[in-house]
Amino acid sequence: MGDNVIPLADLRYLAPVPRVPDGAPAPVGLLSDRLGRPLRDLRISVTDRCNFRCSYCMPKDVFDKAYTFLPQSSLLSFEEITRVARLFAAHGVRKLRLTGGEPLLRKNLEILVAQLAALRDTDGQPLDITLTTNGSLLARKAQSLADAGLQRVTISLDALDDTVFQRMNDVGFPVGEVLDGIAAAARAGLAPIKVNMVVKRGTNDHEIVPMARWFRDNYGQAVTLRFIEYMDVGASNGWRMDEVLPSSQVQRLLDEHFGLEALDATVEGETAQRWRYRDGKGEVGLISSVTQAFCRDCNRARLSTEGKLFLCLFASQGHDLRALLRGHRPDGSAWTDDEVAAAIGLIWSQRDDRYSELRSAQPADSGHAVSARKVEMHYIGG
Ligand code: SAM
Ligand code: SF4
Ligand code: SF4
């Protein structure tokens with residue numbers, strides 16, 4: 001195991017079975033947590049497996065042949081996922097993001113997308129359905145996903161230089177195939193396309209300007225490139241503050257090269273600060289998850305591959321919704337939708353997570369995360 005890698009504490013099994021409150025009112029979409037934050041966005045991890053081994057997420061030394069991924073029987077079925085999503089929609093969720101692991105590794109994902117596309121929010125509108133992918137299988141799947149009802153896609157891409165990219169995905173995957181995936185997504189109309197670049201100081205920060213130039217020149221307004229600060233998610237990536245390049249520096253660099261002006265956030269709970277090129281050649285986003293906390297508006301919940309609900313990306317404990325979906329009440333009958341919805345409502349109403357804000361309150365150079373025990377990102381999704 002490399003010096004920089006911390007042994008993994010397996011937190012996947014720590015999850016209480018949610019309490020079903022008696023006589024809870026039916027959901028009307030007005031749920032809010034202890035800090036007054038509504039529930040609007042559900043991120044659903046459809047697999048914990050991935051064909052990449054990005055060092056900041058699933059370092060090879062930890063996620064090797066000996067690592068035990070979840071067995072097929074633990075995974076929520078498409079019907080179970082759709083049921084949970086429907087109950088979340090009743091509580092006010094308007095946006096679903098499929099993630100993982102690598103979501104396109106889950107077989108027949110189009111079937112799930114089609115089921116989710118049939119759901120409606122509390123205003124009777126279809127939900128906004130999107131997906132985050134490493135792009136490796138997108139060239140093959142973009143059209144069928146769009147046909148099934150997927151509206152948008154976010155593709156992760158950390159470098160254009162093939163040597164840097166292959167080193168970062170750590171499985172020797174060529175950048176050209178991800179670029180083909182982005183082109184296929186554009187042809188299939190999965191727009192607006194977002195491309196996420198995790199910036200690690202000393203690893204790919206020299207790729208910031210080439211990435212910006214390439215997407216400006218080749219896609220203009222059709223692709224928004226977003227720069228994400230390298231985060232201390234999970235417990236296995238050996239995160240260090242000195243490898244974080246603050247977004248303010250990315251902004252300065254892009255401003256010097258291309259000229260930037262600020263845009264307003266479009267949606268409540270937006271994670272990225274939006275900027276546009278002064279010459280009108282498109283937009284970029286800066287996600288300052290480390291240097292500028294954005295917990296105050298955080299309206300996101302996460303559902304793990306095996307149906308555990310996490311209220312924060314940095315949580316160390318989930319809530320075992322699958323136990324309600326598959327379990328029975330004392331009289332042997334299944335829990336009803338109203339009961340499961342009431343349990344979800346109770347969990348959200350007690351939420352007070354604000355990890356990034358608390359971490360920001362620590363000295364910037366302490367180099368440590370607030371809690372050392374956190375669940376892994378590939379398991380609950382980004
Ligand atoms: N495999 C898919 C992908 O890479 O797009 C989806 C899952 S991945 C966990 C979701 C997002 O999390 C990706 O954009 C990835 O770059 C980001 N991510 C993973 N680990 C991260 C870290 N330590 N800091 C910042 N972003 C991270
Ligand atoms: Fe896989 Fe995405 Fe994690 Fe990279 S960031 S290892 S592609 S899940
Ligand atoms: Fe939301 Fe937790 Fe991230 Fe804060 S740290 S923005 S509460 S997920």
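Hi everyone, this is a short talk on one protein chain and the ligand it holds.

Quick housekeeping: this is a predicted model, where local features need pLDDT of at least 70 and side-chain atom pairs count only at pLDDT 80 or more, while totals for chains, interfaces and linings use all residues. Residues are numbered from 1 along each chain as its sequence is written, chains are lettered from A and ligands numbered from 1 in the order written, and side-chain values use heavy atoms, without hydrogens or water.

Okay, the overall fold. The protein chain has 11 helices and 12 strands; those are DSSP runs, H or I of at least four residues for helices and E of at least two for strands, numbered from the N terminus. Of its 382 residues, 56% are buried, meaning under 20% relative accessible area with a 1.4 Å probe, protein chains only. The C-alpha trace spans about 65 × 45 × 40 Å along its principal axes.

Now, ligand 1. How many residues surround ligand 1? There are 20, and the closest are Tyr56, Gly101, Ser156, Met231 and Met377; to count, a residue needs a heavy atom within 4 Å.

Let's go through some polar contacts, which here are pairs of N or O atoms within 3.5 Å. A polar side-chain atom of Ser156 sits 2.5 Å from a ligand 1 oxygen. With Met231, a polar backbone atom is 2.8 Å from a ligand 1 nitrogen. Strand E3 (128–133), strand E5 (193–199) and strand E6 (223–229) each give two or more residues to the shell around ligand 1.

That's my tour, thanks!

Conventions
Polar contact = N/O pair within 3.5 Å; in protein donor to acceptor, adjacent residues only side chain to side chain. Buried < 20%, exposed > 50% of the residue type's maximum accessible area, 1.4 Å probe, protein only.
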